[in-house]
Amino acid sequence: MVETIIFVLMGLAAIAGAITVVMARNPVYSAIGLLGTLFAVAVLYVLQLAHFVAAVQVIVYAGAVLTLFLFVIMLIGVDKEENREENLRFQRPVVGVLAGVIVVMAAALTAFGDFDWVPASGAVIPEVTNGTIQAVAEPLFTDWVLAFEATALLLTIAAAGAIALAHYRRRESTDG
Amino acid sequence: MLVNQFLILAAALFSLGVYGLLVRRNIVLILLSVELMLNAVNINLVAFESMIRSADATGQIFTIFIITVAAAEVGIGLAIVLMIFRNRRSADVSDLNLMRW
Amino acid sequence: MTWEIDYLALAPELVIVVTLLVVLALDLFLTRPNKYWTATAAVAGTALAAIPLVILAVEGENVSMFEGSYVVDEFALVLKGLFVVSAYLVLLLSHHYIESERFYQGEYYFLLLASVLGSLVMASARDLIILFIGLELTTGPLFLLAGWRKGDAKSNEASVKYFILGVLSTAILLWGMSMLYGLTGEITFAGLATATAGLADEPAMIVAVLFVIVGFAFKISAAPFHFWAPDTYEGAPTPVTAYLSVNSKAAGFVAFLLVMYLALPELSEIWAPALWILAAASMTLGNLSALRQSNIVRLLAYSSIAQAGFMLVPFAAAAVAGTNIEEGFSATVIYLVIYALMNVGAFATVIAGANRTATGDIDGWAGLGKIDARLGVLIGIFFFSLAGIPPLAGWFAKFAMFRAVILAGGTATVVLAVIAAVNAVIALYYYARVIKAVWLDDAPAEVPARAETPPSVSLRLALLISAALTIVIGFFPAIATFVGDASRIIAAGG
């Protein structure tokens with residue numbers, strides 16, 4: 001019962017944040033909306049016993065990534081109202097209908113779909129160990145060590161490439 | 001546990017992300033919408049994981065990888081935004097129609 | 001839990017990692033006139049990566065690591081060989097181009113090698129997580145490289161379009177993968193293959209598979225998810241375009257085929273019709289759009305969309321018919337390998353031709369063959385090969401494709417074969433148009449000013465190697481058949 005209440009509250013918070021992201025006129029509000037969604041989703045992770053993922057979500061996503069977003073939004077100017085004139089007049093309603101259809105479809109699938117594959121888990125009392133740092137770290141550094149190293153390289157690429165791309169010299173052609 | 005409800009929530013977030021991606025003009029906002037979609041995927045994976053409870057927490061591992069990759073992609077995307085902003089003082093994709101969108 | 005790491009099996013990847021770190025470090029210490037050493041290091045490192053590949057191929061032992069998530073077998077080795085060779089050729093193409101336009105050099109090679117590493121990882125990936133990481137490692141650097149001509153508006157646009165569509169397709173793909181995991185509890189291909197049996201009627205499964213297909217269709221720019229490709233190809237620096245249309249496309253294709261063939265064989269009634277549609281639409285839309293192009297790079301962009309359609313034909317046809325699926329898979333892989341080699345050559349001629357005439361318009365190339373006969377002959381070789389004229393390599397790709405289709409049989413298959421045949425004729429028309437401009441049209445009254453520098457040694461080497469491969473495979477298709485056999489082994493061993 002408590003779970004259901006937390007789910008409903010946090011689910012609504014996540015949706016409200018998401019709506020802010022896609023609707024807000026000011027980009028800063030959009031970023032703050034995403035922050036709300038990320039926190040609500042982190043609570044949902046805890047509800048699902050994914051404690052470590054919840055911590056990563058808050059530290060990496062809400063902490064680092066969103067700060068980066070806000071930084072760039074400030075840098076390119078918040079006072080610039082987005083140009084909301086449509087080149088294609090009917091685009092927005094069409095997209096709205098499309099997104100609505102996806103929601104309805106997904107809801108129908110999940111609510112009425114044949115979901116018997118689920119091993120009856122409702123009655124099982126979850127083990128507390130699942131989702132702790134130990135439980136996640138052990139496979140991460142054994143089975144997935146290759147993927148782990150690859151993501152390390154991916155972050156290096158992002159850093160080095162981003163500097164190369166965003167860096168401008170005063171006179172493009174003289175030094176290097 | 002509640003699994004179907006989580007899937008519906010994830011579907012809603014994913015759809016909102018798709019909507020934002022198609023409607024918003026500012027590249028930064030498009031990126032934010034993509035983050036919504038990736039979060040929806042993560043909710044899916046964590047919910048499934050709590051149901052399946054595989055031996056080595058595969059769903060949660062997948063989620064951690066997605067978060068990491070998303071961080072890298074944001075870095076790349078914002079570098080592109082800055083590059084464009086320097087060239088044309090705007091981060092609006094509808095300005096980018098040299099070659100037809 | 002065994003997690004012994006076989007470092008010899010990982011050696012090609014490790015060589016590339018060391019090379020890219022060396023390149024990045026070198027770039028720090030070298031002054032501007034000496035930056036070309038970064039290029040030299042990159043080319044040398046890529047060539048070195050071929051050595052462990054050969055050793056592994058000679059040993060011929062299948063290595064399986066990380067609980068079957070990472071497999072080095074003959075199929076993986078053949079594809080890694082293809083990725084290394086085509087990366088080597090693209091590096092040769094890049095050398096002069098990057099230096100002459102005053103780009104950042106060190107980071108360029110660093111990013112390109114990182115992308116190569118991603119494609120090597122993908123060839124060995126046998127589970128969804130490693131496949132996803134490999135895919136990101138392949139495309140991530142390319143988002144940046146597409147915008148490498150920083151001051152150029154078209155290049156900026158290329159980068160933005162590629163990036164937005166790239167992250168969108170990643171999100172869609174991941175959604176599908178998460179549903180696959182939820183429905184089966186499995187993440188390895190082998191596990192998925194058994195766990196998906198009998199789930200073909202599950203509505204959630206149908207949605208999951210369709211999301212995966214759409215995600216991959218964006219990545220390989222199959223119609224109707226291709227619209228980003230021509231703009232990105234035109235705006236990106238030409239060597240990057242060559243890499244996009246050859247290496248990254250091939251890598252995406254391999255990932256797509258592996259997932260369908262190894263992980264979801266039980267669900268072929270869901271994905272086979274979707275692949276059929278993708279193949280037919282890509283061929284038709286790609287070719288019809290290519291007819292109208294006046295820019296050579298855009299022409300090649302649409303041509304590569306159409307070629308992607310041809311590549312899908314044998315696999316889709318066999319899957320729809322439900323027979324001889326091994327044959328279809330190996331024909332698709334043969335087509336992929338031959339396409340990659342000849343398309344690199346075509347882009348090399350584009351760079352050489354643009355260098356010679358200072359234009360990328362097909363009309364601007366009028367009479368090029370009379371001004372520079374050697375280049376004209378090379379253009380003839382690669383474009384006729386793309387069109388599938390014997391005895392160049394392209395004919396064998398088309399031959400393998402049609403043979404697999406005929407072996408498959410069935411009405412839907414015949415329809416697809418007819419569409420493919422009609423499209424092959426349309427393709428011949430626009431490829432021949434380029435050759436006509438080069439050889440038959442009169443040169444403009446004033447001969448275009450010769451570019452200051454003659455084509456560099458590395459460009460000539462790239463042209464020579466790809467032309468040699470195109471001709472040799474055309475005359476000795478047994479080489480390509482070997483590739484097909486390797487992919488049949490994966491079918492058995494999977």
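Modeller: Happy to, and we'll go through a chain contact, a helix pair and some domains. The model is predicted, so local features need pLDDT of at least 70 and side-chain atom pairs count only at pLDDT 80 or more, while totals for chains, interfaces and linings use all residues. Residues are numbered from 1 along each chain as its sequence is written, and chains are lettered from A and ligands numbered from 1 in the order in which they are written.

Colleague: How many residues does the contact take from chain C and chain B?

Modeller: It takes 31 residues from chain C and 33 residues from chain B, where contact means C-beta atoms, placed from the backbone, within 7 Å.

Colleague: Which helix gives the largest share of the chain C side?

Modeller: H6(C), with 17 residues; helices here are DSSP runs (H or I, at least four residues), numbered from the N terminus.

Colleague: Switching topic, at what angle do H8 and H10 of chain C pack?

Modeller: About 160 degrees, with the axes 9 Å apart; axes are lines fitted to C-alpha atoms over the stretch in contact, and angles run from 0 to 180 degrees between N-to-C directions. H8(C) and H10(C) are therefore roughly antiparallel, a label for angles over 145 degrees.

Colleague: Which residues of H8(C) make that contact?

Modeller: Val212(C), Phe216(C) and Lys219(C), against Gly252(C), Ala255(C), Phe256(C) and Val259(C) of H10(C).

Colleague: And what domains is chain A divided into?

Modeller: Domain 1 (1-79) and domain 2 (132-170 + 172-176), with bounds from an automatic or database domain assignment. Over C-alpha atoms, the centres of these two domains of chain A are 24 Å apart.

Key:
Contact = placed C-beta atoms within 7 Å. Helix = DSSP H or I, 4+ residues; strand = E, 2+ residues; numbered from the N terminus. Parallel < 35°, antiparallel > 145°, perpendicular 65-115°, else oblique.
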